[in-house]
Structure formats: structure tokens, C-alpha cells
Amino acid sequence: MRKNNKIHSASNKFKYSIIASAIVGMFAATPMYAAEQEDEEVQEDEVEVIEIVGAKRDWFSAQNIKKEASSVVDAISSEDVGVLPDRSVLEAIVRVPGVTMSRIVDGNDSEHFGTEGTGVNVRGLTFVRSEFNGRDSFSASGGGGLNFSDVPPELLGSVEIFKSPTASQIEGGIGGSVNLKTKKPFDAGRRLIAFSADTTYADLREESSPSFSGLYSDIFESDDMGKFGWLISYSDNELRTQSDSVLAQRHFRQDYEGEEYWMARGMRMNRKTDDRNRQGGAAAFQWENPNESVRLTAEYIRSDASLAWIERAIEIDAQKAEPYLPVDGTSFEFDEHGVFESGTLTTNEGWRGQDAERQPSGGNFGQQLQMVTRERTTDSLVEDFSFNIMFIPTDALAISVDLQHVKGSAEVYDMSVWSAMRAVPSLNFAGDGMPGVELFSPEYNGEANHDSSSSNTFFTDPHNAFLQSAMDHISQNEAEENAGTLDISYQFDSGFISSLEFGVRHAEREQTNRQSRYNWGYLSEAWTGDGSIWLDDPAAQNIPTEIETFDNFGRGSQFRVDGNAGILFPSIDLVSNYDTARNLLPQVSVGDGAWVPLSGRTSLSGELENGLFVENEINSITQTNTAAYIQANFDTDISDIYISGNLGVRYVKMTTEADGFIKYPDSVANPNDPDDIYGKLPADQQAFGNNAFYAMTSKNDYDTFLPSFNMKIELNEDLITRVGLSKSIAAPNLGMLRNHISVSGADMEREVDESQEEPEVTAAWYTRYTADSGNPGLKPIESKNVDLTLEWYFAEVGSLTGALFYKDLEGYFVNGTRLEKFENNGVEQVVEVGGAINSGKGSIKGFEIAYQQFFDFLPSPFDGIGMQFNYTYIDESGAPNSGLKPDFPVGEGNGNFEVAYDSLPLEGVSKDNVNLVAMYEKEGWQARVAYNWRSEYLLTSSDVRSQSPTFNDDAGYLDASLFYKINDNFTIGIQGSNLTDTINKTSVLLADGTPAKKGSFVVDRRVSAILRAVF
């Protein structure tokens, strides 16, 4: 049977587990390649070696990784990342069956488009582990995993997506685990010098951005000292893009011509420009002793990413103009569901306040528009230091020791300033294209002689606009983790059990997240009674403004404004310089409740952390993970059927310590006021509500066993079936673990003596106590998983595979209430604490079909054709949507919400997902066309602005590339993305279940010219 093992197993000398391969294989040739080398040595006189190059080689490599794996795995190579017009790892891995991403920046904020995509789902779930070379990796943003869009793809050698776990893998991915494998010195086996340079043109923004990457790797061999290898690589990748969007705002019911219809309260028209920069670097050193029994690998990986976006948006102020009226001589149009579709809107509501001269209070005079200028800058840094030693003292025994240090930081600066004026908007949401927006000066009421020419300067005249409001938001996060792993494997010479693996891992991660509130406040408003600060007032003379023309908005004539000269906005310089904004704006604001910058607030302790953050915006967490596993690998023959696999169990213990505070109610009575209601409370409630504030640390433990079984049955040389049974877990977002509790008395009742001339409150009491908080005692979600596959490998580069999967999940993270006892000042009370809890059961099931083939059996020139296709169907049942916003500070209502609809699908799940790739490669030419499509899915069950369930409509994106290999060293090419100019559409579900259009997003088509060189 050992001889048969030599054919079927990944290595005939020593079989590494998946995790060992991830840890050890980063400095060695892959086990499959090692086996091929040994087989070639034995059979070199019998086998004709045919070199496979280019994309065909990459498809061959990915196919063999999948075929030889001991569990369900898919993979792509770095060539796939580099050849496709994908500017990030995230955009590349969505070509894999079952993997999807969102193109909206954030599900809860459905008004901003993410050019390169955000988030990753595997088989419908966001519970996805991220790894570098089989080790834990994360961004300091608070989500617990790595932001794949921050990782330069040029650093990678391959990407593996594990869909069924083994005991030897690090726990944490219910959907799956994504392992990013960087390049190593020993991979090439020779000196290697490579570089690439490209420039990308974005046609909507009409700007180009450069990128560069370089790599140097070499090895040195000595009979006495062994083999040495070193590698250094660097990449600097820039991208400048633009997105234009028009969105309908919150809907309400309005009478129109005797019937009720759904009217949008307003509109938001937005232009957003993104400047993204990714800088990455890697350095690696490897050494192997002469007899190949010891290998050392030291590695450093750095990913430094920034994304800065500027937006200019026009908003109809949704709460100051209802009912709407069509201008004279026009009418409103509604769709088949009775939802507003088009019309020119005005109102006779008039204006409240003291500004009648500029904003008349009688007759039709348009409605208020807001002009917002916003900058948001995100900087993220991840540094990963690792050291690994592999010791193979005998052919049967291998020992791996792995040490890792990861540190990361993430900072966000977000500043917005609004000005306002009045106007009459004409909106057209009809059809499938980009909605049309036209703005008339506010006195317009359908007059034929209305002046829309350049002589109409209403929208550029500072006399007609006033400073309205401002908002700042800042986050500063840092995280650090130290981890150590010991893996031992022993291989048996005979018997059903081929090898036994066991290991231990200990990791400690410390993270501090500082997330401020979104700190909105008015600068001037007529309704405050303090008047408005008009932009031509002397008080506003230092407020910089500029005109935005919105040229070529939505790639066409979708926007027009009276005068055709644009609209006056607060300047970009104002929001880009925080010191200027927070010093200048409060000087011109009016009213006691006007905006105060984050740095001007007061905290409970009297001091702001970093001069910006109050106590409930700071979340300090220490997590300790200890794990141990044992795994038996087996193989046997039954007749002509070869069976292999693994059976194991992993024990995991997690300890979470969360620093925070508790604040008790302020029920302290004024001793000089006998009528103070707090003095009527019972003595125990007065004692409990002494306005005390205490720091505290919460410590919680969780442990579990995670069994796994994977069996691979090779029915013949080409046909394989697999069975996978496992239990897996996913830890909560760190923002859900905040240990901040602010207790309040609720539902006060009073006893009144009405026998006197003036009724007197004689007693009062709270019927309950409530609090908003995170939940440091939140436990991981648990899932029981079943995987079945049937895989036909009918050619060297040709396969047809199918997979069935089922996941039974329990303990979802949802918004709810838990009862906790708190003792203060000698009194104990039960408090209803609102926040994240574990609740609910659900399931995810579906299937994947994947096909790939190079048609090299066809006559020339058709033998260069290749094709890939995959389809994933996902059906979820019973899973609750969370209603959680973990980045929202506690004490601000948590940001959490009740999910209004019981029948909503699970957020982020598309039932149907398709990828299609057509390839032609021959005589130095390589052409590729790739199409990605997913069906409608729920972005959020409660959008941040409309509080309505918001869906992303089905959409597909077409990308293509063409390369020519000039010689063995140089390749030139061109790549294009979004070639079909897809309009990304969103929609909402209104209160009575009526569907309504929400947003339309137009983004750049991008074209890149590329030069690559390898020596």
C-alpha cells in the first residue's frame, strides 16, 4: 500500500497537513511539486516532459491544488491576479465559486459606491477567516479579519479558499478561510528579477494613475552550509476613480388628485472621487541544511493602504417640504406600484424664520436644498513578522515551530460641511438608465419666459445660500498580536492510519478601537430663531467656497441647473483641513445648540482621550486564544478505489477581557427643593441612582471542541468524490464586545395626592432600569457543516466539478435585551441591557458547479481556446438579520435597530452567482474576457437614512485583457474593466411592502497599459 501511496498522496516522503503546508509550504516547493520531482527522478527515462506556460499553467496549478487537497479547496494563482483587470485581491477571488463581494461602501450606508468592492462572502456568509501563509491576519478596523482590498496583489504567489475545515486549521471561518500565500525565495529555484509598471485611465474622472512593482529573489547553495535564499519585493499601486449617483430619499404617503401615492421626501445627487494608494513590501530569508532535515524561514510583510474620497452632494431637505405640488402646467407620474417616478416639484409651505427677504414666506417658492462637501480619509497599516523552523529528524517525524507578531493600525478622518438654499427640482426616475435632475431657481412655477440662461446666477450667488451644519467623525485604532504554534506529525510505514498530527497554538491579541460618534450639529438655521449666516454676510467672509459644475454627470446630460454655471458649495480645502474647520466654523455659528467639534466636548472623567474621544467611544479588548488538536490521516485501497482523508478534533478556549465603565443613574435630589421628583423615589432607588461612574473590566471564557472528518474517494484516476463533516465557529466583531454601560431609570410612576387644592406628588418610583451596551460575554456563532463533492478531472487542464453544502447555524449575533444584576451603593437592581446577544437558528444550503478546459485537442489555431464557468446557488432559511451597528458608540442608542420585516432574506446573500471566462493563448498572445454576475441581494435591513430594507439589484460586470509576450523577458498588455458601463441599482421596500427605486450609480470604465519584465 505504501507504493500506491506514492502515486496518490501529496508526498511520498512526508505528508503535511493542510495547516502544515500553509505554515511550512511557504518556504518549500508545494508537496505536489515535490512529489512530481521525485516521480520524475524515478521515471525520467519513460516520461516526456511537456512545459506548460502562461494562463494554462495557472489553470493547471489551481486544478491540481483542488484535486490533491484533503478537503474542499479552491485556488487562484498570482498570474490570475495580475492578468485580470483586478486591482485588488478581493476583485480577483470573486471569480472563485461561492465567493462574492459588495460594490457598495457599507451595507448600512447604501449611498456610496466602492470602486474596488468591499467585504467578502463565502457561500453566503460574512464569517470568513483571513490568513497570511496559514497564519492569523487582521486589519485594525475592528471587524476581526483582514481587509482584502488593502493587500497589494503583487505580493502574492497564490490564494487558497478553504471551504471545509480540518482539525489542524485555525478556527474562525464558518463560511470559509482565505489564505494569502506570499512568494518565497525557494519557489523559483533560481535568481529572479521581475518588475511591472502600468498606468490606468478612468474615463469618468478623466485622469490616469500609475502603479509599479518589483521583486528580487536569489538562492545560494553550498555543500557544507546548505542552501540560502532571500527575496525582497515592493509595490506602489495608485488608482483614481469617480462615481456619480442619484438616489430617492425617504418615502411618504401623499394625496394627489384624490388618490394616495408614495412620494420620495427628497433626492440626493452625489459625485464622489476616490484616491486609493496601496504600498506593499515583503522580505523573506530561507535556509536549508545540506541533508534537507532543517529549514528556516523568516519573513516580513507590510501592507500600507489609504483611501481618500471627496464627495459633493445636493440633497433635498426631506423634512421641510410636504406636500409637494407640481409646477403649473405639469403633473406627477407614478409607476405601476403607485411610487413617484417623475415630475417638477415645488411647495407653498413657505419658510419658517426671520429670512423672508431672501426666502419668502408666501406662495410657491421651491424647497430647501442642501449642498454638502465631505472628505473621508482611511489609512490602514498591517505589519506581519514571522519565523518558522521545520525539523525533519527522520523520514517519519516532522516538527514545526512557528512564531508570529502582527501589528496594525487604522485611522479615519471624516468631515462634512453643509450650506443650503432653495430651488425647484425636476426629477425623472423612469426607465433603466441614470435618473435625470434639473434645478430651477425657486420662484419658477412653469412660466414659459423663465430665464434659464447664463444671466441667471441664482445658484452661484452667495447672497442666496447660508451655512447650515457640520459633522465630524474620527477613529483611531491599533492592534497587536503575538502567536506561537507547534505542529508535530508522525508518518507510519503501513496500516490504515498513514500519519498522526497534533499541535498546539497560543495567541494573544490586544486591540483598542476609538470610534467617535458622527457628530452633526447646525451652524445656522432660521428655525432656531437666531437667523441664518448667509455666505455674503461679513461673518462668513472667511468661509471658503467654490463652484461645482458636475460636468458630464452620469456620463451624459442627466443634470442641468439654471445658468448652466454650477452650484456654490463649501470648499474642499475647508473639509480637508480639520484644524481650520474646527476653529473657524464655531466662530460663525449661531445659537446655543450649534455644532461643537469633537475636541470641544466634555467627558465623564474630565479629559478626552487623544483630545477627541469620550469614554463610550473607546473599546479596549484583550483576547487570548489557546487551541490544541489531534488529527489522524488515513488512506487505503478497496479494490481499485483509493480512499484517503482525515479525522480530528480541535479544542479551542477563548478568553476575552474588555475594559470599560459603568455609569449609574443621576437620581440625586436637590436638598433645597422639597418638590424635586427624585426626592420622592424610594430610598433604595435614590441610593442606586447616585450618579456614580466606575471603570471596570469584564472577563469571559468560552471553550468548545471542533470535530472534523474529510474523506476523499478516488473512484478512478479522473473521478473523485469527497465527504466533509465538521463543526466550526465565528467570533463576534470586536465592536459588539464594548464594555460600556450607562444605566437609566425608566417608566417612572407617580402617586399623587389630589385631595389638596394643588395635587401633590407624594411618591415616585421607576418600574424598571435600562441600559445600552455592548456585550463582552457574547459567544461565537456555531455551525455544523456538511460538504459533498463530485469532481471529474478529464484532462490536464480540464475539469467538471460539483459541490453540495449545508450549514446549520446557531447563536447569531442580533440586537436584543438581556437581564443583568448590578449592585451600587449597597443596592442591587435588575437592569434590562440592550445590545448584541446570541439568538436564533438558521441554515445555509446550496450547490456549486464549476467547469474549466483548454481545448488544446482542436486543430490550430483553435487549440489556444480556453473557458471557465462556475455557478453557485445559495438558499438560506431562518437566519435573523442582526440589527447591529458595532461601530456606533454605546450611549448613542447603540446605533442598533429593530428589524421591521420578519420575512427579509439574510443580508448579503444572492441566490444566483455566475462567473464566465473566455481565454485565448497562443504564440505569445493572451486574450481574456471575464464576466461576473450576481442576483439581487439585501444590503441592509435598515438603511442609515431611510430606515427601510435596501436591496442591491442584480448586476453584471465585464472585464477583459490582451497581452503579448515579446520575448522570454518582456510582456506588454492592456486591461479593461467595467466595459459594459454597468449602472449599479438599489431599491427599497416601503412600509406596506411596496418596492421602490432608490439609487443608481455610474462608475468609471478603466483601461490600463502594462509592461512586465522577468529575468
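Q: Leaving aside its neighbours within four places in sequence, which residues is T971 in contact with?
A: In this predicted model, T971 has its place in strand β43, which covers residues 970-977. Leaving aside neighbours within four places in sequence, the residues in contact with T971 are F963, Y964, K965, I966, I1010, L1011 and R1012.

Q: What distance separates the C-alpha atoms of T971 and R1012?
A: R1012 is among the residues in contact with T971, although the two are 41 residues apart along the chain. The separation of their C-alpha atoms comes to 5.1 Å.

Q: What share of the contacts in the protein chain with a separation of 6 or more comes from residues 24 or more positions apart?
A: The protein chain has 1015 residues, of which 58% are buried, and its secondary structure comes to 10 helices and 46 strands. Among contacts with a separation of 6 or more, the share from residues 24 or more positions apart is 74%.

Q: Which strands stand at the edges of the open sheet of five strands?
A: The pairing in this open sheet is mixed, and the order of its strands is β1-β6-β7-β4-β5. Two of the strands each have a single partner strand, so one side of each is left without a neighbour in the sheet; these edge strands are β1 (73-77) and β5 (135-136).

Q: At about what angle does the direction of helix α4 stand to that of β1?
A: Helix α4, formed by residues 54-68, packs on the sheet and touches both β1 and β6 (156-162). The direction of the helix makes an angle with that of β1 of about 160°.

Q: Which residue in β5 is the bridge partner of E131?
A: Strand β4, residues 128-132, runs antiparallel to β5 and is joined to it by two bridges. The bridge partner of E131 in β5 is D136.

Q: Is E257 buried or exposed?
A: E257 is found in the loop between β11 and β12, and it has a positive phi of about 55° although it is not a glycine. Most residues other than glycine have a negative phi. With a relative accessible area of 66%, which is over the 50% cut-off, E257 is exposed.

Q: What is the relative accessible area of R123?
A: R123 lies in the loop between β3 (113-122) and β4, and its phi is near 55°, a positive value in a residue other than glycine. R123 is buried, and its relative accessible area is 0%.

Note on methods: Residues are numbered from 1 along each chain as its sequence is written. This is a predicted model: local features need pLDDT of at least 70, side-chain atom pairs count only at pLDDT 80 or more; totals for chains, interfaces and linings use all residues. Side-chain values use heavy atoms; hydrogens and water are left out. Two strands pair if DSSP finds at least two bridges between them. Helices (H or I, at least four residues) and strands (E, at least two) are DSSP runs, numbered from the N terminus. Contact means heavy atoms within 4.5 Å. Axes are lines fitted to C-alpha atoms, for helices over the stretch in contact, and angles run from 0 to 180 degrees between N-to-C directions. Buried means under 20% relative accessible area, exposed over 50%, partly exposed in between (1.4 Å probe, protein chains only).
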